Amino acid sequence: MDPLFDKAQTYLHHLCVALPGRSVGSDGNRAAADFFARTAAGFGFEVETPAFACLAWTSSGARLTAGGEAFAVQASPYSPGVRAEAPLTVVDSVEALAAADLAGRIALLRGEIAREPLLPKNFPFFTVEAHQRLLGLLEAKAPLALVAATARNPEMAGARYPFPLIEDGDFDIPSVYMTDGEGQRLARHAGQMIAVEIQAQRAPAAACNVIARKGGDPARRLVFCAHIDAKAGTPGAIDNAAGVVTLLLLAELLADYAGRLGIEIVAMNGEDDYANPGEQDYLRRNAGRFGEIALGINLDGLGYRAGRTAFSLYGCAPETAAVIEASFSPYPGLAPGEPWFQGDHGLFLMNGRPALALTSERAVELMTQVVHTAQDTPDLVDPARLSEAARALNELARRLGA
Ligand SMILES: [Zn+2]
């Protein structure tokens, strides 16, 4: 029996079931970070938990009624609370929005204008000009509240249906979202009074990354990271308790590590947050020092029961690629996979460092059916896959670090 298998199961249960959720700024998120810090310290790592400011959001639901009928709505994540009763204006294109007078009204956004999730206003890594323009136009029109009716869009919005058009702590117009079907029903009330109530609070909060270090020269190091946060309201098993659990198994395997290169294991806190505050903090604290990182390894979305674990290389020198290949080849559950870029290995790439990423071979299936929903539960994860990945990474750390 593999002792790491039982550990993986216990850690998974703790992160996904025992804790109340891991969205950045929540109590569950702080408890998860504490758990990670304590466990890594138990394997002889020096642990730091540098804190940063973030936004906590709590909601106890939303309601929408029109003409005595109730509609199924959810509060957009990070929406301010509101209680509004006003006439409804239906908006289905940017042109219609530009021409509309929304002062003192509630706007239903549907169709083309609500096709894909809008990137947050201050998203740090890139911008989509059309989204910026749309958000700016909405702010200028200043409706009392927004209702977004969204359709299934696996390519742009993943598994969520309906998906929140807006998920942005810097956008101050209250908003709810509903299915396209509900939107069709609601559009019949155009020009009539409707009522929207959102019970929600935003509050400044603190969170931290967890940085665990061991051995060697920290000015020449390997960085293993996995994001520890999860979308609010989801257990976040595949995304990404699985990665965090693998890091803890790796920490145990590296308990006696004494190689030449330093090892840094990071629970990154914010990959699924609208502002990526943990990633921002990590970039700030390592500004000018990314050259110290010999290889950045990111674990996100691995461990799915179906299919193998896929690894992909980014900017690795041939010697490094050969060591990765040699370290992983004894593990049949690991296979080369397609490169992907929506993950924390991007932090290394944007700073010109080589990277390695591990995810599930069937990541696309997960992204379009499971990730960011309540269905992302521990039963989807095979603890044996996490144990295998941890052993392969241990092999890699010892070969590269020697
Ligand atoms: Zn995610």
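So, one term before we start: I'll call a residue buried if its relative accessible area is under 20%, exposed if over 50%, and partly exposed in between, using a 1.4 Å probe and protein chains only.

Now the housekeeping. This is a predicted model, so to speak: local features need pLDDT of at least 70, side-chain atom pairs count only at pLDDT 80 or more, and totals for chains, interfaces and linings use all residues. Residues are numbered from 1 along each chain as its sequence is written, and side-chain values use heavy atoms, with hydrogens and water left out.

Okay, rings. There are eight aromatic pairs in the structure. Rings of Phe, Tyr and Trp (its six-membered ring) pair if their centres lie within 6.5 Å; planes under 30 degrees apart are stacked, over 60 edge-to-face, and the rest tilted.

Take Tyr282 and Phe290: their planes sit at 80° with the centres 6.2 Å apart, so that's edge-to-face. Is Tyr282 buried or exposed? Buried, at 2% relative accessibility, and Phe290 is buried too, at 4%.

Then Phe311 and Phe328. Here the centres are 4.9 Å apart and the planes at 80°, so this pair is edge-to-face as well. Phe311 is in strand 14 (residues 309-314) and Phe328 in helix 9 (residues 318-328), so to say 17 residues apart, and the pair links distant parts of the chain. For those names, helices (H or I, at least four residues) and strands (E, at least two) are DSSP runs numbered from the N terminus. Both Phe311 and Phe328 are buried. Ring pairs also link Trp57, Tyr78 and Tyr274 into a cluster.

On to the metal. Which residues hold the zinc ion? The protein donors are Asp239 (OD), Asp272 (OD), Asp272 (OD) and His372 (NE2), at 2.0 to 2.3 Å. Donors here are N, O and S atoms within 2.8 Å of the metal (3.2 Å for Na, K and Ca), and with water not among the atoms, sites may look incomplete. Angles among the four donor atoms run from 60 to 147°, and the site is irregular. Four donors are tetrahedral if all angles lie between 85 and 135 degrees; four are square planar and six octahedral if opposite donors are over 155 degrees apart and all others between 65 and 115; anything else is irregular.

Along the chain, the donor spacing is D-x32-D-x99-H. Asp272 is in the loop between strand 12 (261-268) and helix 8 (277-285), and His372 in the loop between helix 11 (363-369) and helix 12 (383-401), so the pair ties together parts 100 residues apart in sequence. Asp272 is buried at 9% relative accessibility, while His372 is partly exposed at 21%.
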